[in-house]
Amino acid sequence: MKRTALALLLATGAALLLAWGTPAHAILLGPSMPPATQVAYRLTATVEGPATPDPTGTVDPTGAPEPTGTAEPTGTAEPTDTVEPTATPRPDFPAWMKLFWGRRVHRIRTTRRYVALTFDDGPNFRTKEAVRILDRYGAKGTFFATGCQSKRAHMAAVNRYVIAHGHELANHTMHHARLNKSYAADVKEIMALEKLLVEQTGQGTRWVRAMGGAVDKTGLRATRNTKHLYAQWSLSIADSVRGYTPPSWLYHNIVDHIRPGAIVLMHVTHPETLKALPWIVRELKRRGYTMVTLSELAPLGKPYP
Ligand SMILES: [Zn+2]
């Protein structure tokens with residue numbers, strides 16, 4: 001008996017020591033940044049406890065130099081305050097989401113070197129390749145899926161693959177639609193895909209993007225009322241202009257213009273983009289950028305402007 005008690009005591013001590021030795025950024029980001037697999041709506045009312053730092057390595061320990069002593073700019077409250085179990089049937093709306101409701105989010109206002117790479121128009125057979133490239137460098141991405149693509153053979157597995165590898169799956173509407181028609185049509189576009197993705201992956205999505213970024217006030221209202229945030233972008237790789245663009249141009253489209261808090265638009269439909277992706281990720285890392293999912297980027301700052 002005594003021995004067991006001693007072992008317990010020792011284990012607790014070790015755990016405390018471990019927590020003490022956790023780097024500040026891990027503590028800062030850990031609890032408020034759930035691994036992307038938990039990012040979407042959970043069905044149970046779990047409270048994100050302040051327990052352990054995120055072990056999935058969303059934060060590159062060698063990456064961004066942390067500005068010392070900066071407080072969380074959004075003032076995100078204690079992790080335990082982020083859930084209001086009685087407020088909504090989907091209880092996992094962290095406090096930071098309040099800042100973004102009903103807005104076009106182009107980028108996040110922060111001076112810290114965090115950016116979100118987003119990949120539209122999947123899933124397709126290149127999605128897994130993109131995931132593998134990101135994984136190789138410890139980077140995270142957000143994949144905006146359409147319903148047309150998700151319904152195709154084998155694509156449910158690709159959507160699951162994205163989530164299983166710690167990336168974020170997002171909603172690019174059922175029919176790759178503009179969200180500027182009517183309120184009812186916009187809601188339908190978002191929710192039809194939402195339903196499909198929940199069936200495929202067991203999770204809902206947090207972010208919506210319209211085809212070509214075409215959203216109006218009504219579309220934003222539809223996005224908000226379906227409990228989603230709307231993501232535009234601040235930097236486009238410009239891979240969807242007509243014709244062939246050399247991967248080196250695509251690379252420069254990103255690395256010459258990247259800024260902290262950027263939301264980068266790319267497409268998984270272009271082989272040149274996949275070719276440029278490793279160069280981009282490597283160069284951004286070299287400059288101290290950490291590539292995170294949209295739901296990890298947003299809590300680091302405020303909407304811009
Ligand atoms: Zn698109």
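## Overall architecture

The secondary structure of the protein chain comes to 10 helices and 11 strands, as seen in a predicted model. Of the 305 residues in the protein chain, 43% are buried, and among contacts between residues at least 6 apart in sequence, 80% join residues at least 24 apart.

## The packing of α8 and α9

Two packed helices are described by the angle between their axes and the distance between the axes. Helix α8, which covers residues 247–255, packs against helix α9, which covers residues 271–286, at an angle of about 40° and with the two axes 8 Å apart. Because angles under 35 degrees count as roughly parallel and those from 65 to 115 as roughly perpendicular, this angle makes α8 oblique to α9. The crossing of the two helices, α8 and α9, is right-handed.

On the α8 side the contact is made by Pro247, Leu250, Tyr251, Ile254 and Val255, while α9 contributes Glu272, Thr273, Lys275, Ala276, Trp279, Ile280, Glu283 and Leu284. By residue class, the contact of α8 with α9 divides into 9 nonpolar, 1 polar and 3 charged residues.

## The nonpolar core

The largest nonpolar core has 62 residues, and those with the most contacts inside it are Val115, Ala116, Ala231, Val264, Met291 and Leu297. Helix α9 gives the most to this core, with 6 residues.

Met291, one of the residues with the most contacts inside the core, is in contact with Val115, Leu117, Ala139, Lys140, Val281 and Leu284, leaving aside its neighbours within four places in sequence. Among these partners, Val115 is itself one of the residues with the most contacts inside the core, whereas Leu284 is one of the α9 residues that make the contact with α8.

Definitions and conventions. Residues are numbered from 1 along each chain as its sequence is written. This is a predicted model: local features need pLDDT of at least 70, side-chain atom pairs count only at pLDDT 80 or more; totals for chains, interfaces and linings use all residues. Axes are lines fitted to C-alpha atoms, for helices over the stretch in contact, and angles run from 0 to 180 degrees between N-to-C directions. Helices (H or I, at least four residues) and strands (E, at least two) are DSSP runs, numbered from the N terminus. Angles under 35 degrees count as roughly parallel, over 145 as roughly antiparallel, 65 to 115 as roughly perpendicular and the rest as oblique. A crossing is left-handed if the near helix is turned anticlockwise from the far one by less than a right angle, and right-handed if clockwise. Two residues are in contact if their C-beta atoms, placed from the backbone, lie within 7 Å. Ala, Val, Leu, Ile, Met, Phe, Trp, Tyr, Cys and Pro count as nonpolar, Asp, Glu, Lys and Arg as charged, and the others, Gly among them, as polar. A nonpolar core is a set of buried Ala, Val, Leu, Ile, Met, Phe, Trp, Tyr and Cys residues joined through C-beta atoms within 7 Å. A residue is buried if 20 or more other C-beta atoms lie within 10 Å of its own, exposed if 12 or fewer, and partly exposed in between; C-beta atoms are placed from the backbone.
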